[in-house]
Amino acid sequence: MKIEQLEAQHFSQVIQLGNLVHGENYLDKDKLKKFYKMGLKSGLNASFVAVNEEAQVIGFRLTYSAGQWPIDKWCTPEKWPVNRAEMAYFKCIAIHPDAQGSGIGPKLLSASIRILKQQGAKAGIAHLWKQSPGNGAVKYFSKAGGVLVKLHEDRWLENCINEGYECPICGNDCHCQAAEMVLTLS
């Protein structure tokens, strides 16, 4: 398994894996292009993929560079340890079910952190899916040093209504919680 920077040649596999893990219509080509661009800064790319020996994407981490993503109503900047211009965003991670538990997630996160630091970020936030199997998303991010800022109810409901997103638990009426967590980059 290799960790590589996300590039256009990975997009179709990333979309397929994202929709498998996070639910139908989670990713599409236009969204992924937009997300990819938000991770580019100073000639550096903060998003990564894990590729197996058969050149299949078995995991990915989409990450936005500090100052290049929209701070919306789901963010609590007054509780962040750094100013908005220094805050990156860990958009999402997905690991193929057959590869979960093999340490890919922390490797992808470490690769993104390394680039974010080079880009000038001091911290990053994520909205983690509290209802993920075994609450694995929050556990994974906590183990990396993430600290809870706030819980947000119905975080992905608007995505269901406006974009046709289908939560793997709730279907097209998602009432899952998001744990807004901050990870200081040291």
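This is a predicted model: local features need pLDDT of at least 70, side-chain atom pairs count only at pLDDT 80 or more; totals for chains, interfaces and linings use all residues.

Reader: What is the bridge partner of A50 in β5?

Author: G59 is the partner of A50 in β5. Four bridges join β4 and β5, which also run antiparallel.

Reader: What sits between those two strands in the hairpin?

Author: Five residues lie between β4 and β5. In that hairpin A55 has a positive phi, near 65°.

Reader: Back to β4. Are its faces covered or open?

Author: Both faces are covered. F48 and A50 are buried on one side, and V49 and V51 are buried on the other.

Reader: Now the core. Which residues have the most contacts inside the largest nonpolar one?

Author: F60 and W69 do, in a core of 38 residues. At least two residues of this core come from each of α1, α2, β4, β5, β6, β7 and β9.

Reader: Which of those gives the largest share?

Author: α1 does, with five residues.

Reader: And what does F60 touch?

Author: Leaving out residues up to four places away in sequence, F60 touches V14, L17, G18, L27, F48, V49, C92, I93, A94 and L108.

Reader: Let's do α1. How many residues does it have, and how far does it reach?

Author: α1 has twelve residues and reaches 16 Å from its first C-alpha to its last, close to the 16 Å expected at 1.5 Å a residue. Its buried residues are F11, V14, I15, L17, G18, N19, V21 and H22.

Reader: Why do some of the gaps in that list come out as three or four?

Author: An α-helix has 3.6 residues a turn, so residues three or four places apart point the same way.

Reader: What covers the buried residues of α1?

Author: The cover includes α2, β4, β5, β6 and β7.

Reader: What comes just after α1?

Author: G23, which takes a positive phi of about 120°.

Reader: And α3, how far does that one reach?

Author: α3 covers residues 104-119, which is 16 residues. From first C-alpha to last it reaches 23 Å, close to the 22 Å expected at 1.5 Å a residue. Its buried residues include L108, S112 and L116. G120 follows α3 and has a positive phi, near 105°.

Reader: Take S112. Why does S112 count as buried?

Author: S112 has 0% relative accessibility, and buried means under 20%, so S112 counts as buried. S112 touches A46, S47, F48, R61, T63 and F90, again not counting residues up to four places away in sequence.

Reader: Change of topic. How many salt bridges are there?

Author: Three. In one of them the side chains of E4 and K2 meet at 3.3 Å, N to O. E4 is partly exposed, with a relative accessible area of 22%.

Reader: Which residue meets K31 in a salt bridge?

Author: E163, at 3.1 Å, N to O. K31 lies in α2 and E163 in α5, so the pair ties together parts that are 132 residues apart in sequence.

Reader: Is K31 buried or exposed?

Author: K31 counts as buried, at 15% relative accessibility. E163 counts as partly exposed, at 41%.

Reader: And what does E158 meet?

Author: The side chain of E158 meets that of K73 in a salt bridge of 2.3 Å, N to O. E158 lies in α5 and K73 in the loop between β5 and β6, so this pair ties together parts that are 85 residues apart in sequence.

Reader: How do E158 and K73 count for exposure?

Author: E158 counts as partly exposed, at 33% relative accessibility. K73 counts as exposed, at 58%.

Terms used: Residues are numbered from 1 along each chain as its sequence is written. Side-chain values use heavy atoms; hydrogens and water are left out. The expected span of a helix is 1.5 Å times one less than its number of residues. Buried means under 20% relative accessible area, exposed over 50%, partly exposed in between (1.4 Å probe, protein chains only). A nonpolar core is a set of buried Ala, Val, Leu, Ile, Met, Phe, Trp, Tyr and Cys residues joined through side-chain atoms within 4.5 Å. Contact means heavy atoms within 4.5 Å. A salt bridge is a side-chain nitrogen of Lys or Arg within 4 Å of a carboxyl oxygen of Asp or Glu. Two strands pair if DSSP finds at least two bridges between them.
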